[in-house]
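Student: I have just opened this entry and would like to go through it slowly with you. Could we begin with the terms and then take the contacts one by one?

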Amino acid sequence: MTSSITRPGGGERSETVRIRRATARDAKRLTRLVRTSRAYKGPYAAMVAGYRVGPDYIETHQVFAGVEPGTDRLLGFYSLILAPPELDLMFVADDAQGLGIGRLLIRHLRDEARRAGLTGVRIVSHPPAEGFYRSVGARRTGTLAANPPAVMWDRPELVLPIA
């Protein structure tokens, strides 16, 4: 899947993003994107400090990467678990924030979920990301309580309808 995005304030300038299935060779780049995400600074840093997206994870799950064609620069990625349906991971590179990459990934996720026959996808959100998920149509269904020491804060639980 190839889509175009337009930079805010960029007028006519647009860039193309290709969404492709991640491979085991992407594992280090995906891990780096997770561990260096500004969204997980401060109190959230411990959550991703030792996180690893390994080749085995990529081969087991539906992991898709948004990349710049030609350079294959990683702009973001997501992981969809089919049974039970859940968005397990979704990250957008810090320098690609605000360019519509997240929305492209969600659109791709919806297409993949539809092909798999899913009617909804559960999302346990990083608290600061709840607004984004709601803006793409997810509905809040509850709160997942903190589970120390792994997760020290409550997290919004949502469902993304697949129409």
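Tutor: A polar contact is a pair of N or O atoms within 3.5 Å; within protein, one must be able to donate a hydrogen and the other to accept it, and residues adjacent in sequence count only if both atoms are side-chain atoms. This is a predicted model, in which local features need pLDDT of at least 70 and side-chain atom pairs count only at pLDDT 80 or more, while totals for chains, interfaces and linings use all residues. Residues are numbered from 1 along each chain as its sequence is written, and side-chain values use heavy atoms, with hydrogens and water left out.

Student: With which side chain does the side chain of Arg-20 make a polar contact of 3.0 Å?

Tutor: Arg-20 is found in strand E2, residues 14–21, where strands (E, at least two residues) and helices (H or I, at least four) are DSSP runs numbered from the N terminus. Its side chain is joined to that of Asp-26 by a polar contact of 2.8 Å. The polar contact of 3.0 Å is made with the side chain of Asp-72.

Student: Is Arg-20 buried or exposed?

Tutor: Buried means under 20% relative accessible area, exposed over 50%, and partly exposed in between, with a 1.4 Å probe and protein chains only. Because the relative accessibility of Arg-20 is 14%, this residue counts as buried.

Student: Which residues are linked with Arg-20 in a network of salt bridges?

Tutor: A search of the whole structure finds 13 salt bridges. Those that form the network around Arg-20 link this residue with Arg-18, Asp-26, Arg-29 and Asp-72.

Student: What is the phi of Asp-72?

Tutor: Most residues other than glycine have a negative phi, and most peptide bonds are trans. Asp-72, at 25% relative accessibility, counts as partly exposed. Although Asp-72 is not a glycine, its phi is positive, at about 60 degrees.

Student: Which residues does the cis peptide bond join?

Tutor: Pro-84 has its place in the loop between strand E4 (74–82) and strand E5 (85–92). The cis peptide bond, with an omega of about -10 degrees, joins Ala-83 and Pro-84.

Student: How far apart are the closest N and O atoms in the salt bridge of Arg-122 with Glu-86?

Tutor: Arg-122 is partly exposed, with a relative accessible area of 28%, whereas Glu-86 is buried, with a relative accessible area of 18%. In the salt bridge that these residues form, the closest N and O atoms are apart by 3.2 Å.

Student: How many bridges join strand E7 to E8?

Tutor: Two strands pair if DSSP finds at least two bridges between them. Strand E8, residues 155–161, is mostly covered, with 5 of its 7 residues buried, and the bridge partner of Leu-144 in E8 is Arg-155. Strand E7, residues 139–144, runs antiparallel to E8, and the number of bridges joining them is 5.

Definitions and conventions: Salt bridge = Lys/Arg side-chain N within 4 Å of Asp/Glu carboxyl O.
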